[in-house]
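This briefing concerns the architecture of a single protein chain. Please consult the sequence and the model while reading.

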Amino acid sequence: MAEYTMTIDGKGVKGSKTVGVVNPATGKVFAQVPDCTRAELDQAMEAAKRAFGSWSRDLSARRNLLNECAAALQSPPEGLARMLTQEQGKPLAKASQEIMGTALWCQYTASLDIPNEVIQDNAAGKVEIRRKPVGVVAAITPWNYPIMLAMWKIAPALLAGNTVVLKPSPFTPITSLMLGEVLRGILPPGVLNVVSGGDELGAWMTSHPVPRKISFTGSVETGKKVAASAAPDLKRFTLELGGNDAAIVLADVDLSAVAPKIFWGAFENSGQICSAIKRVYVPEAMYPSMLEKLGELAKNVKVGDGLEAGTELGPINNKPQFERVTELVEDAKKHGAKIVTGGSRMGKDGYFFQPTIVGGISDGVRLVDEEQFGPALPIIPYKDVDDAVRRANATTYGLSGSVWSSNPDRGAEVAAQLECGSAWVNQHLAIAPNLPFGGAKWSGIGVENGTWGLLGFTEIQVVNVARN
Ligand code: NAD
């Protein structure tokens, strides 16, 4: 079996214990990774703290090294994409795209400026607003886009002059460990440390005295624990949490053109995207035809092991999530929902679930009200647009949402009424490295990406010089 090591102080560390990683296409353990102990975490934190001083001093050196990191990922190590498929489940082509996206995200972030603003510069004095790094950043990531979401944190944190200790999800640790291996050949020791272990390791990190900032992506439930754990030490935090995105279809659309876009906005990565479409509101008159079109799409999609050629959707990533999606679909059935397509598990091995379109369902049923984070989509009829907007907003979530109309201006008017961080028109999942991404309400605090995300890894300092 191949050996995967943590990155601590620039070195590969096997760790004193290991833990298994399951391939969701088989349901079987296929690799072992280090299970970081408290003492090993302390070493990683201390290394990050030691590295901070010199790393924080020279922006152009940091930029150059991040460009080198991006270049290294543009020719990724043999087997990285395959490993992403094996630990996450997504089709191989999608895994390669995620790795390319990771490289591009790193490259773009490396090009950003950290603005120092001069507010006053005259005979009386000079006032400047500077941005200083926070210190050591604890970065904690989920299992749906493990390597990409790690880079959303690593690149801006490092460019701003911080050092990082990264912990991937216990379901998908290997590609992050491999990322650490690649980057440890480029970055000075201690600048980026990667540790692997269970949820408990995350809790040790957020309560550890060394980090000054926590950058967390995951569920609302864990996000609240992270915030509580940060409070006694007043650590800064950014929380990128779950969503229950609504897509509102207006009556003027060409349904044949829109249905495939809505389908892929919901089912990409087997629905395991924080900002995937998780419920669709459709005018009553269009409802039967929308169910039919989405049902056809779901029926014809090729689900399978991501390593098999032609696979369009892989399995659900892990057993608890597979059980949760199953439970929500069963609960919908009990509440009288009509399963248009799918509705059950596929095969005996692994965590495959049929792409599922659910009609005859409305708000108040768990599949509509909660985040399913899987391949099951409820379609809900509405009478008037104001009512659809009210229902879209009647949730504690506020990550993103979309409005679909043949009149983009009308679409934008309705989209502006959505209570969420990203409001899209005639598209969904329009996420880019130069745009801030984050959630309203319980979907998060702070944003990632672009200058806005970068500044989240800094503290303001006012330098106020009197000249007389
Ligand atoms: P999760 O909250 O279970 O776990 C996320 C990470 O937190 C993992 O690394 C986990 O080990 C760690 N963790 C668990 N308990 C912890 C604790 N007490 N303290 C510190 N860390 C702890 O989430 P998940 O199941 O891995 O991911 C799915 C969720 O992530 C969904 O809700 C999804 O919407 C959300 N998500 C959000 C975004 C975004 O950008 N807003 C992106 C992707 C996923």
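The model is predicted: local features need pLDDT of at least 70, side-chain atom pairs count only at pLDDT 80 or more, and totals for chains, interfaces and linings use all residues. Residues are numbered from 1 along each chain as its sequence is written, and side-chain values use heavy atoms, with hydrogens and water left out.

**Domains**

- The chain is divided into domain 1, comprising 6-241 + 442-466, and domain 2, comprising 245-433; these bounds come from an automatic or database domain assignment.
- Between the C-alpha centres of domain 1 and domain 2 the distance is 30 Å.
- Domain 1 contributes 29 residues to the contact and domain 2 contributes 30 residues, where contact means heavy atoms within 4.5 Å.

- Three strands form an open sheet in the order 5-6-20, with antiparallel pairing. Strands (E, at least two residues) and helices (H or I, at least four residues) are DSSP runs numbered from the N terminus, and two strands pair if DSSP finds at least two bridges between them.
- Strand 5 (117-122) and strand 20 (458-466) are the edge strands; each has a single partner strand, so one side of each lacks a neighbour in the sheet.
- On average, neighbouring strands of this sheet are turned by 20 degrees against each other, direction ignored.
- Five bridges join strand 5 to strand 6 (residues 125-133) in the antiparallel sense.
- Strand 5 and strand 6 form a hairpin, with two residues between them.
- Q120 is opposite V127 in strand 6, and N122 is opposite G125 in strand 6.

**Helix pair**

- Helix 5 (residues 146-159) packs against helix 6 (residues 174-184) at an angle of about 50 degrees, and their axes are 9 Å apart. Axes are lines fitted to C-alpha atoms, for helices over the stretch in contact, and angles run from 0 to 180 degrees between N-to-C directions.
- Helix 5 is therefore oblique to helix 6; angles under 35 degrees count as roughly parallel, over 145 as roughly antiparallel, 65 to 115 as roughly perpendicular and the rest as oblique.
- From helix 5, P146, I147, A150, M151 and I154 meet T175, S176, L179 and L183 of helix 6.
- By class, this contact of helix 5 with helix 6 has seven nonpolar, two polar and no charged residues. Ala, Val, Leu, Ile, Met, Phe, Trp, Tyr, Cys and Pro count as nonpolar, Asp, Glu, Lys and Arg as charged, and the others, Gly among them, as polar.
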